[in-house]
Each structure stands twice: as C-alpha cells, then as structure tokens.
Amino acid sequence: MNDLVRRRMTDPVARACLLLAALLVVSGLVHLGVFFLDDRPWHGPVSWRKPFTFGLSFGVTLATVVWVTSYLRMPERTRRVLLVVFAVDCLVEVGGITLQAWRDVPSHLNTSTPTNTAVAMTLAVGGGVLVVVLGWFAVVALRGHVDGPPSMVLAQRAGWLLLLAGLASGAAMIARGSIARAQGDTAATMYRVTGFLKDFHGATLHGVLVLPALAWLLGRTRLDEPTRARVVAVAAVVYVAVAVGVLIVDVA
C-alpha cells in the first residue's frame with residue numbers, strides 16, 4: 001500500500017464511511033434473518049430480499065469506493081466531499097427501502113399515497129446523486145489519474161467502466177418501470193418488467209472491486225509488472241464476456 005492510499009484510508013472521513021458501510025452490511029444480514037422468520041416470499045416488490053440485498057450491496061459498494069478512490073489523483077477536499085455525499089446517499093437509499101419493507105409496501109415507483117410518493121421520489125433523486133458522484137470518480141479513473149502501477153490503472157479503468165454499465169442498467173430498469181406505470185399496467189406487471197436487467201445490474205456493479213482487488217493481490221506476488229498487467233487484462237476481458245452473457249440471458 002503506497003503512502004497516498006495509506007493516508008487516505010486512515011483519515012476521519014474514510015473511517016466514518018467504512019463504519020457506515022459495515023453497519024449497512026449488518027443491516028442487510030439482519031434482514032436476511034428476518035426473511036427466515038417471516039412468511040413473505042423471496043421474490044416480488046414486497047420482500048425482505050430487498051433490504052437484505054440493498055444493505056449488503058450498498059455496504060460493500062461504499063467500502064469499495066472508499067478504497068478504490070484512495071488511488072485516484074484528485075483534490076483531497078473534492079474526494080472527501082464526494083465520499084460524504086455518497087455515504088449519505090447510500091444511507092438514504094437503504095433506509096428508504098428498509099422503511100418500505102417494514103411498512104409492507106413497494107419502495108420504488110410506488111405513488112399510491114403521499115408517503116409512498118415521497119419515499120419513491122427520494123429514492124429516485126438518490127439514484128441521480130449516485131450517478132453524478134460515481135460518474136465523477138469514473139471520469140478521473142478513466143483519464144488514467146491513478147496512483148499505481150499499470151496493472152492497477154487498467155483494473156480501475158475496466159472496473160469503473162463496468163460500474164457505469166451497471167448504473168446505466170439501473171436507470172434503464174427504472175425508466176421501463178415508469179413507462180409501464182404511465183401506460184396503466186398492473187402493479188404486478190410493472191414490477192416484473194422493471195427488473196428485466198437485475199442480474200446484469202448486479203454483475204457489473206462490483207467489477208470495480210473485483211478487478212482492482214486482483215491487481216492489488218498480484219502486486220503481492222513475484223510476477224513482474226508486465227505479467228500482472230496481462231493477467232488483469234485477461235481478467236477484465238473475461239469479466240466483460242460474462243457480463244455480456246448475463247445481459248443476453250436477461251433480455252432473452
């Protein structure tokens with residue numbers, strides 16, 4: 001771990017974000033336990049699956065973003081502000097989804113009451129904030145402003161591209177669900193069509209963890225840097241191929 005990464009990972013903002021990430025993961029695991037104690041089905045718009053998967057995913061993603069952005073060459077103040085905004089947004093997203101699960105109502109696209117509308121709109125705005133913050137970090141990484149060897153630069157670029165694909169698929173699902181709602185489709189139909197890319201969405205979001213983690217692990221081996229870079233390149237191609245396969249299955 002270089003000096004920049006070590007310093008950034010131990011500053012107060014990073015520590016607070018990592019603590020929140022751990023709490024979100026714990027919340028997700030708690031709701032997995034609730035699922036086993038309750039009689040709700042695993043699938044559907046009203047399920048304990050959502051607070052479990054969103055808590056786990058947002059917690060892992062928050063911790064990942066704290067770590068991978070510690071390699072980015074960007075103003076420290078800007079990075080800290082973006083991390084704080086992202087952390088608060090993660091809390092709001094998981095909180096809204098969890099609240100609606102306990103209220104036994106759908107969280108997204110639910111405008112049946114003023115309260116449900118407020119939650120759904122908050123989640124939608126939060127999704128927009130996610131795109132802006134993560135897109136900002138992605139631009140820095142894609143421009144090659146990464147403090148690390150070529151293998152890490154490549155891993156960051158590929159990982160952030162995959163994450164952007166995941167964000168795009170999330171936006172596409174919300175858009176399709178909104179169209180179905182505007183057309184007057186039943187709630188069951190609306191929520192069914194909304195999740196048409198959920199597997200691709202999940203697969204691509206965590207490439208920004210997997211590929212940089214591989215580059216980091218390779219840096220602990222005796223392989224020379226050109227070999228490490230080739231291994232990361234092959235891994236990135238395989239990851240993209242798997243993601244494309246998942247996409248084809250989702251849309252089939």
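## The largest pocket

In this predicted model, the largest pocket is lined by 43 residues, and those nearest its centre are Phe54, His108, Met173, Lys198 and His201. Its volume is about 1,400 Å³. A pocket is defined on a 1 Å grid over the protein atoms alone as an open set of points with protein on both sides within 12 Å along at least five of seven lines, and a lining residue has an atom within 4 Å of a point. Grid points are joined across faces, edges and corners, and the volume is the space filled by probe spheres set on the points.

Six helices, α3, α4, α5 (114-142), α6, α7 (187-194) and α8, each supply at least two residues of this lining. Helix α5 gives the most, with nine residues. Helices are DSSP runs of H or I with at least four residues, numbered from the N terminus. By class, the lining of the largest pocket has 20 nonpolar, 16 polar and seven charged residues. Here Ala, Val, Leu, Ile, Met, Phe, Trp, Tyr, Cys and Pro count as nonpolar, Asp, Glu, Lys and Arg as charged, and the others, Gly among them, as polar.

## Basis of the values

Residues are numbered from 1 along each chain as its sequence is written, and side-chain values use heavy atoms, with hydrogens and water left out. Because the model is predicted, local features need pLDDT of at least 70 and side-chain atom pairs count only at pLDDT 80 or more, whereas totals for chains, interfaces and linings use all residues.

## The second largest pocket

The second largest pocket has a volume of about 160 Å³. It is lined by 13 residues, of which Tyr71, Pro149, Met152, Trp216 and Arg220 are the closest to its centre. Helices α6 and α9 are the elements that give two or more residues to this lining. The residues of the lining divide into six nonpolar, four polar and three charged.

## The cavity

A search of the whole structure finds one cavity of 30 Å³ or more; a cavity is a set of grid points where a 1.4 Å probe fits but cannot get out. The largest cavity has a volume of about 40 Å³. Its lining consists of Pro45, Val46, Ser47, Lys50, Pro51, Ile97, Gln100, Ala101, Val105, Pro106 and Ser107.

Helices α3 and α4 (76-102) each supply at least two residues of the lining of the largest cavity. The largest share, three residues, comes from α4. By class, this lining has seven nonpolar, three polar and one charged residues.

The 27 residues of α4 should span 39 Å at 1.5 Å a residue, and its end C-alpha atoms are 39 Å apart, which agrees. The expected span is 1.5 Å times one less than the number of residues.

Most residues other than glycine have a negative phi. Buried means under 20% relative accessible area, exposed over 50% and partly exposed in between, with a 1.4 Å probe and protein chains only.

## Helix α9 and its packing

Helix α9 (residues 207-218) has twelve residues and reaches 16 Å from its first C-alpha to its last, close to the 16 Å expected at 1.5 Å a residue. Its buried residues are Gly207, Val208, Leu211, Pro212, Ala215 and Leu218. Seen down the axis of α9, these residues fall within an arc of 120°, so they line one face of the helix; the arc is that of the directions from the helix axis to the C-beta atoms.

The buried residues of α9 pack against α3 (49-69), α6 (150-182), α8 (198-205) and α10 (225-251).

Serine 169 is in helix α6 and is buried, with a relative accessible area of 3%. Leaving aside neighbours within four places in sequence, serine 169 is in contact (heavy atoms within 4.5 Å) with Leu197, Phe200 and His201.

Proline 150 is also in helix α6 but counts as exposed, at 52% relative accessibility. The C-alpha atoms of proline 150 and glutamate 225 are separated by 7.5 Å, although the two residues are 75 residues apart along the chain.
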